[in-house]
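Reader: I'd like to go through this one with you, question by question. Can you put it up?

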Amino acid sequence: MLTFGIILCYLLGLSILLLISRKYSPAELLGYSFLAGIGFETLFMFLLDIIGVKYSPSVLIGVNVFAILAICGANYKSLLLLKDDLKMPTITMKDINFVAIFIFCILAYLLYAVTVKNLFWPPTEHDTIGSFDKLGRVMAAEGVLKISLYQYDLQGAGGLYPPLFHASFAYVYIFGAETPKIITTLFFISLLTTFYSAVKTYVGSTAAMLFTFILMLSPELFSHAALSLGNMPTTAYVCAGALATFIWLDKREEKYFWLGAIMMAFVIWIRTDTVVFTAAALLIIAIDFLKTKDWKRTFTYGAIAVTPFILWSLYLKMKIGTSTGNKFDLGIGYNTERMDLMLGYVKAFLFGGQKGAIDGGQLYGLAFWIFFLMLLVNLILIYKEGVKEILKDRLNVLLFFFVSFAMYFVLFYLIDEKVQMAPISSLMESSFKRGMFCFIPLALFYASTNKAATWFWVKVENFRNGK
């Protein structure tokens, strides 16, 4: 039954992708199908709760079958042309990238190892036992989003988060899962495949596989691939939404516009603090509007990306009777001690070094070091090619990275320690540290696809092909 539920989820996502375009790569179909599928599954569960229909396997199967058939029916003319796209390619020995295959084999083994751990090691983390897993279990048992735990204030911190993550747990529990951690594995696969497909668009399979491997082996991120916490799944949506948006702004391919908008909508549907990424995305879209004057595209992207935030805010206020705004102290002003403390942690996170209980060099591997190294290389190239040429190189990526990071920093700076019942040092060593995951794919995407890196990888591919 669980397998059937997962297949339905993938088919729902796949039908949505094929409605947008038939021209997605296999890696894109694999990664985006799950992210879209489970996102819409949780949206269906939200809507079912609104209209008063309780969840059950039969209800979810009926909703899925109806949605898939309706989408495919609306798209049947395009689907009939799929047979023309599914032609077996002619592959010769020269076409086989043995370097990429070798890296893929190592990556696949590590993925197998972490999947085995997920399937046989139940949730044990404090946050998931006290909130996410508990929410998912009770949602599956009671068949509603506003579960009875809210009456006694036992929902935990995750109960105020948008429902995508814990509702995904409820989804697999409804279909008979003993533990929800298969969801963690599927999110991890989606993170890797969407990142790989985006990098491959610019620099080929060798660099794409290598940087996917670097992403995978970011130590703290890889550890969360075997945990039932929301930070890694959130990273998968930030990666998918941001990278699709970057590609659309660069190449103007329609299929990436819709992917970017939908994935950015789910970014805010999984956690509330991800509003910083929504804001950064809207900023680069607004800057693009100044050049294109395309009101339709700008409004459509913004409306899709922001709607989940509005829906959840209204749900919290009208049905749960609370909000997330009371966690912040907007009158804190400038606190030198607090600022110095937080900047010390940020320095350790980005550049390594010791701060409190944090050893920054052991958290994120090479990701941020490579990012700042390549940023320095491209700044040096200004002397050769001029400011305008360099500023045009992945400027959207840099704006998104630094604006979202600055807003993320401010968000934590404004947290009221009394309401949160934790000192800022503890929050930096836990929540902020895990939230840094979302910046790793952005950093590695820039590091692998900027002007200097692209020149290097073209040389590598030419050497590999004997040119």
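**Pocket, helix packing and a few residues**

Author: The lining of the largest pocket has 23 nonpolar, 18 polar and seven charged residues; nonpolar takes in Ala, Val, Leu, Ile, Met, Phe, Trp, Tyr, Cys and Pro, charged takes in Asp, Glu, Lys and Arg, and polar is the others, Gly among them. This is a predicted model, where local features need pLDDT of at least 70, side-chain atom pairs count only at pLDDT 80 or more, and totals for chains, interfaces and linings use all residues. Residues are numbered from 1 along each chain as its sequence is written, and side-chain values use heavy atoms, with hydrogens and water left out.

Reader: How much space lies in the largest pocket?

Author: A pocket here is an open set of points on a 1 Å grid over the protein atoms alone, where a 1.4 Å probe fits, with protein on both sides within 12 Å along at least five of seven lines; lining residues have an atom within 4 Å of a point. Points are joined across faces, edges and corners, and the volume is the space filled by probe spheres set on them. For the largest pocket that comes to about 1,400 Å³.

Reader: Which residues are the closest to its centre?

Author: The lining has 48 residues. Of these, the closest to the centre are Ala157, Gly158, Tyr161, Lys327 and Gln420.

Reader: At what angle do α11 and α19 pack?

Author: Helices are DSSP runs (H or I, at least four residues), numbered from the N terminus. Ala242, Phe246 and Leu249 in α11 meet Asn396, Val397 and Phe400 in α19, contact being heavy atoms within 4.5 Å. By class, that contact has five nonpolar, one polar and no charged residues. The axes, lines fitted to C-alpha atoms over the stretch in contact, are 10 Å apart, and the angle, on a scale from 0 to 180 degrees between N-to-C directions, is about 145°.

Reader: Is Asn118 buried or exposed?

Author: Asn118 sits in helix α6 (residues 98-120). Leaving out residues up to four places away in sequence, Asn118 touches Thr179, Lys181, Thr184, Thr185, Ala225, Ala226 and Leu227. Relative accessible area sorts residues into buried (under 20%), exposed (over 50%) and partly exposed in between, with a 1.4 Å probe and protein chains only. Asn118 has 0% relative accessibility, so the label is buried.

Reader: What is the phi of Asp153?

Author: Asp153 is in the loop between α7 and α8 (164-174), and is exposed at a relative accessible area of 59%. Although Asp153 is not a glycine, its phi is positive, at about 55°.

Definitions and conventions: Helices (H or I, at least four residues) and strands (E, at least two) are DSSP runs, numbered from the N terminus.
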